Amino acid sequence: MVQKYQSPVRVYKYPFELVMAAYEKRFPTCPEIPVFLGSEILHESRSDDGAIHIIERSCKLNVDAPRLLKKIAGVEYVFFIQKNTVNWKERTLRIEAHNETFANRVVVLETCSYSVHPENEEWTCFEQSASLDIKSFFGFESTVEKIAMKQYTSNIKRGKEVIEHYLKELISQGITFIPRWTPPPACRQKDERTPAVGHDANDEPLESGAHGMTKEPSGSSCPAAEAVSPDADKLDADYIERYLGQLTPMQESCLIRLRQWLQETHKGKIPKDEHILRFLRARDFNIDKAREMLCQSLSWRKQYQVDYILQSWRPPALLDEYYTGGWHYQDKDGRPLYILRLGQMDTKGLVKALGEESLLRHVLSINEEGQKRCEENTNIFGRPITSWTCLVDLEGLNMRHLWRPGVKALLRIIEVVEDNYPETLGRLLIVRAPRVFPVLWTLVSPFINENTRQKFLIYSGNNYQGPGGLIDYVDKDVIPDFLGGDCMCTVPEGGLVPKSLYQTEEESENSDHIRLWTETIYHSASVLKGAPHEIVVEILEGESVITWDFDILKGDVVFSLFHSKRAPETSHKEAALPSTATGDNTQLIDKTWVLGVDYSRVESPLVCREGESIQGSHVTRWPGFYILQWKMHGPLPCSGTSLPRVDDVLASLQVSSHKCKLIYYYEVLASKDFRGSMSSLESCNSGFSQLSGATTSSSQSQSSSHLSR
């Protein structure tokens with residue numbers, strides 16, 4: 001397995017030329033980096049005008065590995081080849097390094113770059129990426145991988161400290177300014193005689209204004225040394241520390257790589273950085289597991305319109321009176337504090353009066369509000385606050401709270417919250433736990449993540465009072481009055497819900513069938529091997545616009561759009577479907593139809609990978625029936641003289657089942673009503689997550705259509 005590392009952008013608040021002078025002090029030896037024993041120049045060259053300077057070195061490193069491993073390998077030191085390319089005109093340095101020792105067994109590649117900050121030409125940005133691929137190493141592959149990653153990450157932070165050390169040394173020597181490169185007189189005269197084509201005298205020498213990144217709510221950004229696309233944006237190390245907290249180099253790398261993947265597959269908007277980080281923490285920074293969990297959550301939010309809950313959800317008056325929970329200042333760490341008087345809550349009465357769905361909606365609105373408060377407290381206290389504290393008072397808890405439908409509703413709520421709001425609970429303080437509590441805990445605890453359970457602190461009786469109790473986590477002037485504090489708490493006291501407010505059996509049965517957000521505009525579908533999912537749109541007049549928005553939840557599919565003058569016969573094809581496909585899989589194109597005769601393709605096939613979010617549109621040219629088709633993606637059939645591509649073979653081997661899943665939405669608009677912004681789908685009701693920070697969207701234009709991922 002190839003291990004990869006990608007750094008955030010680290011900023012030195014010094015000019016590029018001064019940083020380069022500090023960097024050169026690392027050679028030929030650097031006592032500040034003990035593993036670096038020395039270097040030797042193999043090749044050196046300069047351009048005629050002196051703007052480009054290339055140095056290739058052999059670097060000797062002392063790897064901190066067990067003596068036995070060194071003996072088996074037969075080496076005491078390892079050697080790397082490092083190529084440095086300085087462009088004084090563009091003010092960039094590109095560093096490329098690879099291992100020379102054991103090059104046939106281990107492949108180590110590293111690329112670093114120094115460049116001018118896009119918003120302040122007196123600052124310098126640094127980026128670093130690397131990969132490690134251990135093919136074979138005498139049966140010690142796993143050991144070597146751990147040693148290499150440990151040593152590499154330990155030297156990452158040290159590298160910045162070394163540059164800062166030499167910068168301070170230069171300043172102490174009185175060197176605070178190094179003039180920028182200027183072309184030699186001969187070159188200058190030549191440039192004046194032959195100006196660059198299309199160059200205006202008033203143009204800025206740097207193009208950072210055109211291709212650099214702008215600051216956005218999710219963080220500041222800096223460019224890489226090499227050319228970047230206009231929609232690229234990167235995380236600043238200072239921003240990470242200020243808004244996300246202290247992360248190890250590998251944790252930073254996981255965040256950046258997952259964020260980059262989301263930018264590539266979810267053009268338009270991606271979740272905010274703190275939201276991505278929560279899912280990484282929930283999966284111990286395993287990128288594949290975090291990506292799967294996050295994509296499922298984003299699709300869930302999109303399908304059930306969770307982003308709009310704070311605007312659309314208005315709790316019934318019954319909840320305002322009998323739901324014994326509410327926000328109450330913050331704890332000593334600045335986390336928002338939520339108080340829940342569970343022992344005073346009539347859970348049986350609330351379920352019977354409102355139904356399970358209303359309680360779930362209310363709990364989700366609390367979680368959404370909690371995330372909003374965390375962002376506010378981060379700005380207020382000047383440090384990252386990404387979770388909240390919950391104080392649960394169990395006085396009054398009894399067997400009534402163990403009513404089976406109530407426990408069932410509680411377990412479902414826990415499951416939804418665990419899947420979609422991971423790492424949002426910073427601490428759970430349970431006070432006045434009665435004797436019946438162990439019974440409830442036995443029922444509930446298996447459904448709570450281990451990381452979450454470790455945040456529970458349980459106090460029985462009056463143990464919460466005094467040292468080691470609430471006072472250690474909540475300021476004295478914030479402890480509510482009903483727990484012996486001086487602060488008046490506005491959380492409702494609850495009580496028994498009158499039976500006259502209970503739903504009738506008929507109402508209760510109907511509410512059991514209510515899905516969360518029944519007004520969701522998205523449909524779910526399955527795509528089977530040999531059984532694509534198809535929907536038909538009838539267009540009565542030309543120049544209409546068909547728009548679509550879909551997410552691939554599982555597997556890879558191919559999306560196509562066809563036109564036919566004949567109406568598909570749906571009843572015949574539905575009857576022919578296998579039983580596993582009924583309900584969310586429909587086939588419309590008859591097997592007897594001939595492409596180019598009975599129907600024609602109006603959009604080129606688009607391969608959509610698992611986790612991708614696709615938005616697009618098509619301007620119709622003719623009336624008739626337009627068929628949107630999703631079919632399972634597989635390797636293209638090979639001709640007799642060609643072999644299958646390796647990528648296609650690997651992709652087919654990785655398919656774990658013969659079923660793909662997606663959610664989709666489509667809409668038909670008159671051309672005069674179409675706003676033309678398919679990256680945001682302004683013309684229809686679908687939308688992206690409001691947990692997102694804006695990123696630049698890219699669209700591909702295909703004849704009369706627009707597609708964006």
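The following chat walks through a predicted model of one protein chain.

Visitor: What am I looking at, and how are the residues numbered?
Guide: This is a predicted model in which local features need pLDDT of at least 70 and side-chain atom pairs count only at pLDDT 80 or more, while totals for chains, interfaces and linings use all residues. Residues are numbered from 1 along each chain as its sequence is written, and side-chain values use heavy atoms, with hydrogens and water left out.

Visitor: How many helices and strands are there?
Guide: The protein chain has 19 helices and 25 strands, where helices (H or I, at least four residues) and strands (E, at least two) are DSSP runs numbered from the N terminus.

Visitor: And what share of the residues is buried?
Guide: Of the 709 residues in the protein chain, 49% count as buried, a word used here for under 20% relative accessible area, with exposed meaning over 50% and partly exposed in between (1.4 Å probe, protein chains only). The accessible surface of the protein chain is about 36000 Å², and 51% of that belongs to carbon and sulfur atoms; these areas come from the Shrake-Rupley method with a 1.4 Å probe, and for residues only the protein chains shown count as cover.

Visitor: What percentage of the contacts is between residues 24 or more positions apart?
Guide: Among contacts in the protein chain with a separation of 6 or more, 75% are between residues 24 or more positions apart, a contact being heavy atoms within 4.5 Å.

Visitor: What about Leu170, buried or exposed?
Guide: Leu170 is buried, at 4% relative accessible area, and it belongs to helix H3, residues 141–172. Apart from neighbours within four places in sequence, Leu170 is in contact with Leu18, Ala21, Ala22, Lys25 and Ile175. The C-alpha atoms of Leu170 and Ala22 are 7.3 Å apart, although 148 residues separate the two along the chain.

Visitor: Switching to helix H6, which of its residues are buried?
Guide: In H6, which covers residues 237–244, Ala237, Tyr239, Ile240 and Leu244 are buried. Seen down the axis of H6, these buried residues fall within an arc of 155°, so they line one face of the helix; the arc is that of the directions from the helix axis to the C-beta atoms.

Visitor: What do they pack against?
Guide: The buried residues of H6 pack against strand S2 (10–12), helix H7 (249–265) and helix H8 (273–282).

Visitor: OK, charges now. How many salt bridges are there in the whole structure?
Guide: There are 29 salt bridges in the whole structure, each being a side-chain nitrogen of Lys or Arg within 4 Å of a carboxyl oxygen of Asp or Glu. One of them pairs Arg10 with Glu252, with the closest N and O atoms 2.9 Å apart. This pair links distant parts of the chain, since Arg10 is in strand S2 and Glu252 is in helix H7, 242 residues apart.

Visitor: Which residues are linked with Arg335 in a network?
Guide: Asp331, Asp333, Arg335 and Arg427 are linked in a network of salt bridges. The side chains of Arg335 and Asp333 meet at 3.4 Å, N to O; Arg335 counts as buried at 18% relative accessibility, whereas Asp333 is partly exposed, at 36%.
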